[in-house]
Amino acid sequence: MPSAWPFAAVANEYVDSFLEDYQKSLELADGLFQSLAGLFRLEKIANGSNVMKLHLLKGDPQDVRLRLLEKNIKLNQPTIDFKGFYIKINPSLLRLDAMTLAKYFAEAGL
């Protein structure tokens with residue numbers, strides 16, 4: 001286990017605020033994609049915890065992914081299950097304010 005200490009140190013840094021940050025992330029994601037309802041639709045998966053479906057209502061998923069990557073927002077490859085992405089909601093969403101995220105997603109989805 002000597003090689004595990006760096007991971008434990010990082011986890012220890014965030015453990016106290018994780019539940020609060022995770023709740024804020026879920027609320028931010030809900031609000032963000034409600035504000036972008038003409039471009040995206042967020043679908044919660046039953047028993048999916050933080051994994052959700054992000055449906056793209058307009059445009060090409062790969063183009064959207066690449067445009068967001070230019071803003072350092074990383075999405076998985078588009079899925080073949082539907083037009084969009086499987087995404088994981090987590091506290092990394094809190095790195096940018098909601099208005100900036102909405103702007104980046106709106107620009108990418110046009």
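Author: Buried means under 20% relative accessible area, exposed means over 50%, and partly exposed lies in between, with a 1.4 Å probe and protein chains only. The model is predicted, so local features need pLDDT of at least 70 and side-chain atom pairs count only at pLDDT 80 or more, while totals for chains, interfaces and linings use all residues. Residues are numbered from 1 along each chain as its sequence is written, and side-chain values use heavy atoms, with hydrogens and water left out.

Reader: Why is Glu107 called partly exposed?

Author: Glu107 has 38% relative accessibility, and because partly exposed is the class between buried and exposed, Glu107 counts as partly exposed.

Reader: What makes Glu107 and Lys103 a salt bridge?

Author: A salt bridge needs a side-chain nitrogen of Lys or Arg within 4 Å of a carboxyl oxygen of Asp or Glu, and the closest N and O atoms of Glu107 and Lys103 are 3.6 Å apart, so this pair meets the definition. Lys103 is itself partly exposed, at 46%.

Reader: How do you know that Glu107 and Lys103 are separated by about one helical turn?

Author: Both belong to helix α4 (residues 98–109), where they are four residues apart; a helix here is a DSSP run of H or I with at least four residues, a strand a run of E with at least two, each numbered from the N terminus.

Reader: Why is the pair Glu43 and Arg41 called a salt bridge?

Author: Their closest N and O atoms are 3.9 Å apart, which is within the cut-off, so the name applies.
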